[in-house]
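I kept this notebook while looking through one chain. The entries are in the order in which I looked things up.

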Amino acid sequence: MTTVRVRLTLIYSGLFLLTSTVLLVTVNLLLRHALDRRIGRIGPIPVAPAAPGLPDHQPPTLPDLVDEVIDYQWGVTVATVGILTLVSVIVGWLVAGRILRPVHRITATAQRLSMSTLHERIALIGPKDELKELADTFDAMLDRLQRSVEGQRRFIANASHELRTPLAVQRAAIEIGLPEDVGEIRDKLLFHNHRTESLINALLVLAQAEHGLEKRTPVALDEVVLLVLAEGGSDEVTVTTRIEPMVVDGDPILLSRLVTNLVDNATRYNHPGGTVEVTLSHGVLTVRNTGPHVPQESFGDLFEPFRRLQTTRGQGAGLGLSIVASIAKAHGADVRASRNPGGGLELVVIFAGTEDAVPATDGSSRR
């Protein structure tokens, strides 16, 4: 695929060579025509006989001289066209690069942009032409985007406080204010309070992940996985691990939530006596579990919010894998899911630079 710079160079060189060639050919043809007319007016020139005893050597006639001059002129023309070809390509390449320099600056700025660098602007300096108009339009769009993102961040922070505080007060009132003789009602209210609080926390994490990372720090993902496994787990499910050291640039809290959701999903949607395998190797995190069979038609909904499989109705809010997909996307990772032959799922998180480590699986879902 040719670049714009190459195409501009070819256009400049082609037009220059076409103009130069037409000019030189026209000059040669006009020169030949003018010489023929002048010689026709002069007429034949008498030639003196050779002196006795000298070889009979006829000097060149005027038409012969004209042919020699024209042949020489055509040779010079071909050499000139060849030199002009090289010069036009070099000059066209340099001119195209200079013209496209603002475009490269716009592209570089766009590639650097993230949620933490929305304050950057192109600020192109130069004449008021189409490229400066494009750069100014891009800067204006970044201004609107930055205001929108800052507004959404403020909304998330305010919603976090406004939604969590009443729930905490409600939970305290239930635990302290209700008498012991209404234990069944008390437990039911606490259960729904906890479920609502978990739903709100999940929604806030999902919103934070979808807005990208404000800053990145080196995170030892192997330590995060081991900590999550040490804090969680279930007596009804056997967890096996194979962990290799790995460092990821990202947010430690979000990465911990990613691993937690994967392990909780594999443990919750399992059967008694089942297994969960957690593997971290070559930049790929794999969580494989036993459990119910997942219908093929449900794979497209695995990573969608509030989508739960028919086999898991009533369990969770349907946000676990949505949060996993959003956190992975914020870290430049890819998430894939595939069915296990005996039931259950295999969820794979492939971090940037390791896409070739896991081959594509038939019947899998990718996010």
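Entry 1: I looked up aspartate 136 and lysine 132 and found both in helix 4 (residues 130-177), 4 residues apart, about one turn of the helix. Helices here are DSSP runs of H or I with at least four residues, strands are runs of E with at least two, and both are numbered from the N terminus. I noted the general rule beside this: an α-helix has 3.6 residues a turn, so residues three or four places apart point the same way. Aspartate 136 and lysine 132 form a salt bridge, with 3.2 Å between the closest N and O atoms. The term means a side-chain nitrogen of Lys or Arg within 4 Å of a carboxyl oxygen of Asp or Glu.

This is a predicted model: local features need pLDDT of at least 70, side-chain atom pairs count only at pLDDT 80 or more, and totals for chains, interfaces and linings use all residues. Residues are numbered from 1 along each chain as its sequence is written, and side-chain values use heavy atoms, with hydrogens and water left out.

I then checked how covered the two partners are. Lysine 132 counts as buried because its relative accessibility is 17%, while aspartate 136 has 26% and so counts as partly exposed. The cut-offs are under 20% relative accessible area for buried, over 50% for exposed, and partly exposed in between, with a 1.4 Å probe and protein chains only. The pair is also part of a network of salt bridges that links Lys128, Lys132 and Asp136.

**Entry 2: other salt bridges.** How many salt bridges does the structure hold? I found 7. In one of them, the side chains of arginine 288 and glutamate 277 meet at 2.8 Å, N to O. This pair links distant parts of the chain, as arginine 288 is in strand 5 (residues 284-289) and glutamate 277 is in strand 4 (residues 274-281), 11 residues apart. Arginine 288 is partly exposed because its relative accessibility is 26%. Glutamate 277, at 32%, also counts as partly exposed.

I looked up arginine 336 next, and its salt bridge is with aspartate 334, the closest N and O atoms being 3.2 Å apart. Are these two buried or exposed? Arginine 336 has a relative accessible area of 12%, so it is buried. Aspartate 334 is buried as well, with a value of 12%.

**Entry 3: helix 6.** Which residues of helix 6 (residues 221-231) are buried? I listed Leu221, Asp222, Val224, Val225, Val228 and Leu229. They lie on the same side of helix 6 because they cover an arc of only 160 degrees around the axis; the arc is that of the directions from the helix axis to the C-beta atoms. Exposed residues Glu223, Ala230 and Glu231 are on the face turned away from that buried side. Among the elements that cover the buried residues of helix 6 are strand 1 (217-220), strand 2 (237-243), strand 3 (247-250) and helix 7 (252-268).

**Entry 4: asparagine 261.** I found asparagine 261 in helix 7. Its relative accessibility is 9%, so asparagine 261 counts as buried. Setting aside neighbours within four places in sequence, asparagine 261 is in contact (heavy atoms within 4.5 Å) with Gly320, Ile323 and Val324.

**Entry 5: arginine 147.** I returned to helix 4, where arginine 147 also has its place. Arginine 147 is exposed because its relative accessible area is 53%.

**Entry 6: annotated stretches.** The unreviewed UniProt entry gives "transmembrane region" for residues 12-31 and 72-96. Such annotations may be inferred rather than shown by experiment. In the model, residues 12-31 are 100% helix and 0% strand, and the end C-alpha atoms are 29 Å apart. Residues 72-96 are likewise 100% helix and 0% strand, with 35 Å between the end C-alpha atoms.

**Entry 7: the whole chain.** I counted 8 helices and 8 strands in the chain. Of its 367 residues, 32% count as buried.
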